[in-house]
Each structure stands twice: as C-alpha cells, then as structure tokens.
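Me: Hi! Could you walk me through a few spots in this one?

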Amino acid sequence: MLPKKLEFFINDPHYFRAHRQHVIERLAEYFDITINMPNDGETVSSVPIRDLQLTAHRLAFGTDILTIVWIFLRLLVTRPDIVYAVTAKTCVMTGFAIRALRLLSFGTIDPVAVFTFPGLGRGLKQLKQSIWQFLVIFLVRLALKNEAYRFTFETKEDCDALGKILGLDLRSSLVAAGTGLDLNRFWVSDRPREGRVNVLFAGRLLKSKGIFEFVSTAERFASQSANICFTACGWASQTSDCLTPSEIEELRCNDSINFLGMVNDMPALLATTDI
C-alpha cells in the first residue's frame, strides 16, 4: 500500500525548520511528503522541497493571486490526501486554492486540510471598523469557513479570535499553548548556578518582542558593574517591526551585551542560561 501524500505550504522557512523539523522527520515515516516554500538553500531532513516564492507578510495582490493559482495547479497535479499550511497568510491563500479545486473538480479532489496559525498576523488582529475590515473578513471566510477543516493554534486567544471572524465553533481545534518542544533535544539543565547570572534574549529581532528594552536593561546593569552577562541571539525577518541592518550592527558593537546572531544549537546555549 502506497503511503498517503502530504503537501506542506510554507512562507517562512526558518520558522518552519526551527519548530517543525522534528515533526517532519516523524511524519516522513508514514507519509510521502513534499514541502512547498521559498528555497533558501537549506534542507528539511530528506524531504523534497519545491520552490514556492510566498511573500511572508506584506500584501502583493498580483503576486498573491499568481501564487494561489500556483498552489491550485500543484494540488491539481499531485492530488494529495492531506494539505497542511502554516502561518495566517499561507493558510488563507491555500484555502482559496483548495476551494477552487473542490469546485472545479466537482468534489472529486477533496484533500483533508489542516491550517496552523502561529499567530493571526497584523492583517487579522485589531481590525477597525472600515471597508478594509469587511473585505478581510469576507476573504478569510471565503477561504477558510468549512466545518471539515482542521485548525491548530499556539494560543487560545488566537483560536477564539479566528473562530469569531469565521463564524465557526473552533473549540475542538488543537491549542498547543506554544510552538512545541522536541524533548530529545531540549531538557532541564541541572547545571549549578555560579556567581555570574546569565540572561538570554532569543527570538526574532523585533521591536515588539522587547529587544530595545533588553539592551537598555543590559546597559543599566553594565554601568553598575553587576555580575550579570546579557546575551542576545536571533534573526531578522521581513517585517516593518524588525531591526534594520544598521540597528543589528549596533547590537554587535554594544559592549553591554553578547550578541550571537543566528544560533543553531539552542539546547547548548539554553543549558548555560539562568534567565
């Protein structure tokens, strides 16, 4: 018996590798998997990757429509058993492609659809009363309102918010309360605390995540000659909230913190961290 086909659609390769690599390795034992995402030269286990240039955050209607058509044609050719999309924009675009596929095939091509929302994104949060709000809600409902779809979320707030937008009861959806951990790689360290306290900032270099406040705190403790080491690691992403290249360079040159940039071996770094 041939394994079932599973197609992933992704617009953030780094996030996907950081939080789903171990999941893919396990799923590959049972499914014939293909990942469709921007090809940045890296691999995900031994799973084949097809280059799909999805704009990560901003709206680009012409490009986005062509991407929906690309996803539709991909599904039409491969006819997967399961379609799995990650991040809000990718979920909506994939939802449109699946809807078109079902309509034009008269229901003969009907894959199971799973949509993961690590967050709702700026486009779906705090929508103000406007024509834009009605347009966004209309399009999201058109793409994703289906009782048969499966949804997963990282927070209950996002689950409730999308359920309200779609007009669906999503209480049966999976709320993971985080991105999940591979317990074969991450563990509780029994390292005894030494005299120096190690404080770590890890994540995307976004202003909204408090990187400037972290640096300000480090500078304040540095001026007091406190026995504390502040370390920051992370990467830039394609959002207006991200630090600029010049601001990232300032981090590298700031003597108050130890800036590591992108770190691949997070378990080893966390094992030396107190806070």
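Reply: Happy to. One definition before we start: a patch is made of residues with over 30% relative accessible area and no salt bridge, and nonpolar side chains are joined within 5 Å. Also keep in mind that this is a predicted model.

Me: Okay, which residues form the nonpolar patch on the surface?

Reply: Ile65, Val69, Leu73, Leu76 and Val77 do, and together they have about 450 Å² of accessible area.

Me: Switching to helix H5, which of its residues are buried?

Reply: In H5, residues 156-166, the buried ones are Asp158, Cys159, Leu162, Gly163, Ile165 and Leu166. Viewed down the helix axis, these fall within an arc of 160°, so they line one face of H5.

Me: Why would residues spaced along a helix point the same way?

Reply: An α-helix has 3.6 residues a turn, so residues three or four places apart point the same way.

Me: And what does the face of H5 turned away from the buried side carry?

Reply: That face has the exposed residues Lys156, Glu157 and Lys164. Just after H5 comes Gly167, with a positive phi of about 70°.

Me: Last one: is Thr152 buried or exposed?

Reply: Thr152 is buried, because its relative accessibility is 15% and the cut-off is under 20%. Thr152 belongs to strand S6, residues 150-153.

Me: What does Thr152 touch?

Reply: Leaving aside residues up to four places away in sequence, Thr152 touches Tyr84, Phe115, Thr116, Phe117 and Leu174.

How values were computed. Residues numbered from 1 in each chain as written. Predicted model: local features only at pLDDT ≥ 70, side-chain atom pairs only at ≥ 80, totals over all residues. Heavy atoms only, no water. Helix = DSSP H or I, 4+ residues; strand = E, 2+ residues; numbered from the N terminus. Buried < 20%, exposed > 50% of the residue type's maximum accessible area, 1.4 Å probe, protein only. Contact = heavy atoms within 4.5 Å. Patch = residues over 30% accessible without salt bridge, like charges linked within 9 Å, V, L, I, M, F, W, Y side chains within 5 Å. Areas by Shrake-Rupley, 256 points an atom, 1.4 Å probe, with all protein chains shown as cover. Salt bridge = Lys/Arg side-chain N within 4 Å of Asp/Glu carboxyl O. Arc of directions from axis to C-beta.
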